[in-house]
Amino acid sequence: MRALDISIVGATGAVGTALIQLLEKSKIAIDRLRLFASSSSARQLKFRDQTYPVEALRDIGDIGDIKTDLAFFSAGDDVSAVWGPRFASQGALVIDNSNAFRMKPDVPLIVPQVNACSLTVRPPSGIVANPNCSTIQLVRALRPLIATFGVQQILLATYQAASGVGLRGINELEDGAEAWLEGSTGPAAESFPVHLAFNVIPQIGEISREGVALEERKLVQESRKIFGMPHLQLTATCVRVPVKTGHSEAVYLEFDDHVRLEQVRELLANEPGVRLYADEIRDGYPTPRYLGDPADVHVGRVRVNPENPRRLWMWVVADNIQVGAALNALLIAQLAIANNLIGES
């Protein structure tokens, strides 16, 4: 396969920065790399010992000037909605990290460890969607259980880090914590509904008339699409917590029949990319601050409900910037390359 022309839109954000680092270490051969930000930027970034300017999307005058083989987008819904189809129309395979296209029928929603079979042909839209960060770690942990057992319903509560809204979320958390410790409330909350420092917020995204927040709707809709299970019973409460990076999820599953803890542990332990903390007394359990390999989904506190052996709890933690965004985008690109969907000529 020839070396690829690659563009990264949102190169200066938290996900864009992580993606550049992962791409740099990958074996993907690159002929031309272009880095974009949604607005003007005087920044330059290094990649494989070369320095690249960060260009402003709004300064592009000729649509033909965005021709590339592969375009990663991580600059928000509005930027993706406008520029994603433009890049795709010029021949790029767009891998988009926003919510702009995830539920469109002609856009596959891919977690390579779970539904690689949904990306065997190039989508007519030219766009592949990266799922929401909290969805990716959930479906990767659920995959071996859903493949083995009949699942009646899934209940979960998420505990999501400030970096879920990017670098501005981390900065706002740090500034708020510093102000609080100095006896001040600090500047008004902008990235979150209220101050996040020393607080927890049971709302991520806009709340509908039915009382369901956007993040909670994403978890349901995206999980159903990825598993190809339109009637999957899943409901969630999504909570923002004062953690810089690393989403945690308390997941409660109800199966058709009794399950044995030993079998569940064996399934999770053998799942590629999942690290199981089988014995919490000996192994402990995962926490976002002390997370191990950021490429893994970490699962602990797995236990069958002693009062109902059809029900099971587990605790799922992952790096939301890598597992939940940048790494999954890179794995989608590698899958597309392996399936000859890009770089054929």
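1. A cavity, in the sense used here, is a set of grid points where a 1.4 Å probe fits but cannot get out, and its lining residues are those with an atom within 4 Å of such a point. In this predicted model, the largest cavity is lined by 13 residues, and L19, F73, S74, N97 and A329 are the ones that lie nearest its centre.

2. The space in that largest cavity comes to about 60 Å³, and the count of cavities of 30 Å³ or more is one. Its lining draws at least two residues from each of β1 (4–9), α1, β5 (70–73), β6 (93–96) and α9, and by class it has nine nonpolar, three polar and one charged residues.

3. Turning to the whole protein, a reader will find nine helices and 13 strands, with the C-alpha atoms filling a box of roughly 65 × 55 × 45 Å along the principal axes. The radius of gyration is 21 Å, which agrees with the value near 20 Å that a compact globule of 345 residues would have.

4. Six strands form an open sheet with mixed pairing, in the order β9-β8-β10-β13-β12-β11. At its edges stand β9 (234–240) and β11 (274–276), each of which pairs on one side only, while neighbouring strands of this sheet are turned against each other by 20 degrees on average, with direction ignored.

5. Within this sheet, β8 (residues 151–160) and β9 run in the parallel sense and are paired over seven bridges; as an example of residue partners, Y159 is bridged to V239 in β9.

6. Which strands does helix α4 touch as it packs on the sheet? The helix, spanning residues 133–148, touches β8, β9, β10 (247–255), β11, β12 (297–304) and β13 (311–318), and its direction makes about 35 degrees with that of β10. Helix α6 (residues 214–227), for its part, lies across β8 and β9 and runs at about 140 degrees to β9.

7. At least two residues of the pocket lining come from each of α1 (14–25), α5 (167–181), α6 and α9 (322–338). By class, the lining of the largest pocket has 14 nonpolar, 23 polar and six charged residues.

Note on methods:
Residues numbered from 1 in each chain as written. Predicted model: local features only at pLDDT ≥ 70, side-chain atom pairs only at ≥ 80, totals over all residues. Heavy atoms only, no water. Pairing = 2+ DSSP bridges. Helix = DSSP H or I, 4+ residues; strand = E, 2+ residues; numbered from the N terminus. Axes fitted to C-alpha atoms, helices over the stretch in contact; angles between N-to-C directions. Contact = heavy atoms within 4.5 Å. Nonpolar A, V, L, I, M, F, W, Y, C, P; charged D, E, K, R; others polar. Rg over C-alpha atoms; globule rule 2.2 N^0.38 Å. 1 Å grid on protein atoms, 1.4 Å probe; cavity = no way out; pocket = protein on both sides within 12 Å on 5 of 7 lines; lining within 4 Å. Points joined across faces, edges and corners; volume = space filled by probe spheres on them.
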